[in-house]
Amino acid sequence: MPSTSSSPRSARPLRAAPAAPSPGKDWPVAAPSPSSDAPDPSSREGSRRIASNFAALSVAEVACRAISMVVTLALAQRLGRAGYGRVEFSFNVVFWLVLLVREGLDVIATREIARHPRLIRPLVNHILAIRGCLAAALLTGLVAVGVACFSEPTERLILALYGLMLLTTAIGLDFVYRGLERMGLVAVSLLIRTAIYAVGVGLLVSDASRIAWVPICLVGGELCGIALVWGFYVRSHGLPRPTLRASRAMRTIIRRGRPVYLIQISQAVIGSADLLVVGVLSQWADVGLYGAPHRVVSAVLTFGIIFRQVVFPMLARTWRSSASEGRKALDGMVRVLMLGLLPVAVGASVLAEPLIALLLGPEYRGAGLLLAVGAWRIPLLTLAFLYQTALIALNREAAGVRMLIGAAILVAPLTAALRLQFGLVGASASVVVVGLTLTACGYRRLAVEGRAPAWHHHLGPPLLASAAMVPACLLLARWHVLPAVAGGAAAYLLVLAALKALPMAEIRTLLRGRG
């Protein structure tokens, strides 16, 4: 899915006395200093740590996404379009509220623990108290809204059961070990959560009459994974003592967390508002038709989240570096992402219909076009949100708040207008438009900081290789979609190799943590 100091900021975090924050629109930044005490991300220890963290989270998330996709496909077939639409809609409503509990404070806490490990216990005590109160209030409101808005008892029950995720999220301590860069524990916790959820759904959910077991299995898996992390935390730091007592450090964290909080919530709204708008304007069967490819796209987008989580501590340390070093680091990250994500979008667009037929069956005929359009949000939103993560790491989170809030406000009415004018395809296209706009705006803001990546040579090779991949996919799709996927991937890699554009150097640079 973590000794106190009165302030989490200083120019030399582990030695200098804490400095009071100065006012300003952005987070105040200490002048870069070439101190010998600063961590050396190019050291061998740092290289091994970043490589092992990336490997651990990647393996865990690949396994979790694969298991989750199997569960999603099984639910789509067992529950039918209308039943799956109810589950998907309720999950997305609660997902927004979960982000209100988790995001913002978690991101700031991860950053500050990465810089100042001595702040772990006071941060945990404060964050658990704040999140607990917020989760209880949101759950109460969610149940009340469900009673008022839903007429069927089953719909109210599903929403309330999913709402229990607010409580499990409130007690989660993953942020501690993300900040300490102990991703192995986080990875095992994720695997436990997903495995229990999958086993529960497989054994207990056979048809739409047992739909309530879906959120029960999900919440049960979350509790087991969280319990594992708690066991390690208690052994190292003792039992937390949640407190709402204000302190100078916590006031600083909350003040600095506000823009990050807005960024994270805005990103969630941009990624899922279209499904909720479709849910309000459509029948449950249409929600299920839209929700199935939406979940497939969301599963692939998760890899962008993994990537940002892994590189965030490294980016958080580059705020000391020169603009050229920071630009080189981000440059390598963008190159790797685009070489991996552009062919996914192209391949999903070309093979959308046979993929939907293979994965979901004839009941979901018509969802292929939704997948073909929605697949383009994968590279666009991943790149746009990586730019925002870089701004957070540079203490420039306020710079991106306005454009993200503007996009979050725009996405719902834009989706509604395009849904009414062009149907479900218009709703899917609205997020692609918003993603393209955000990517351009994020690049421009990084250019102001002198850290914008060189987009022109990042897009050239993957676009050329993807163009060569298309004929192979179309030819092999006449036999079966699986050979088409494998043949397209092989053609893509061969063209990249011929262009000498395979990103091995950038991957090595990324794993070493160098700019």
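Author: Start with burial. Buried means under 20% relative accessible area, exposed means over 50%, and partly exposed lies in between (1.4 Å probe, protein chains only). This is a predicted model: local features need pLDDT of at least 70, side-chain atom pairs count only at pLDDT 80 or more, and totals for chains, interfaces and linings use all residues. Residues are numbered from 1 along each chain as its sequence is written, and side-chain values use heavy atoms, with hydrogens and water left out.

Reader: Why is Glu155 called buried?

Author: Its relative accessible area is 8%. The cut-off is under 20%, so Glu155 is buried.

Reader: What makes Glu155 and Arg86 a salt bridge?

Author: The rule asks for a side-chain nitrogen of Lys or Arg within 4 Å of a carboxyl oxygen of Asp or Glu. Here N to O is 3.3 Å, so the pair qualifies. Glu155 sits in helix H4 and Arg86 in helix H1, 69 residues apart, so the pair links distant parts of the chain. Helices are DSSP runs (H or I, at least four residues), numbered from the N terminus.

Reader: Is Arg86 buried or exposed?

Author: Arg86 is buried, because its 19% is under the 20% limit.

Reader: What other salt bridge does Arg86 form?

Author: Arg86 also pairs with Glu152, the closest N and O atoms being 3.7 Å apart. Glu152 lies in the loop between helix H3 (120-149) and helix H4 (153-163), 66 residues from Arg86. At 36% relative accessibility, Glu152 is partly exposed. Shared partners join Arg86, Glu152 and Glu155 into one network.

Reader: How do you know that Arg81 and Asp286 form a salt bridge?

Author: Their closest N and O atoms are 3.6 Å apart. That is within 4 Å, so the pair counts. Arg81 is in helix H1 (residues 44-102) and Asp286 in helix H10 (residues 284-317), 205 residues apart. Asp286 has a relative accessible area of 25%, so Asp286 is partly exposed. By this rule the count comes to seven salt bridges.

Reader: Why are H13 and H16 called roughly parallel?

Author: The axes of helix H13 (residues 367-374) and helix H16 (residues 424-449) cross at roughly 10 degrees and come within 9 Å. Angles under 35 degrees count as roughly parallel, over 145 as roughly antiparallel, 65 to 115 as roughly perpendicular and the rest as oblique. So H13 and H16 are roughly parallel.

Reader: Which residues of H13 meet H16?

Author: Leu369, Leu370, Val373 and Gly374 do, with contact meaning heavy atoms within 4.5 Å. Their partners in H16 include Leu424 and Val432.

Note on methods. Helices (H or I, at least four residues) and strands (E, at least two) are DSSP runs, numbered from the N terminus. Axes are lines fitted to C-alpha atoms, for helices over the stretch in contact, and angles run from 0 to 180 degrees between N-to-C directions.
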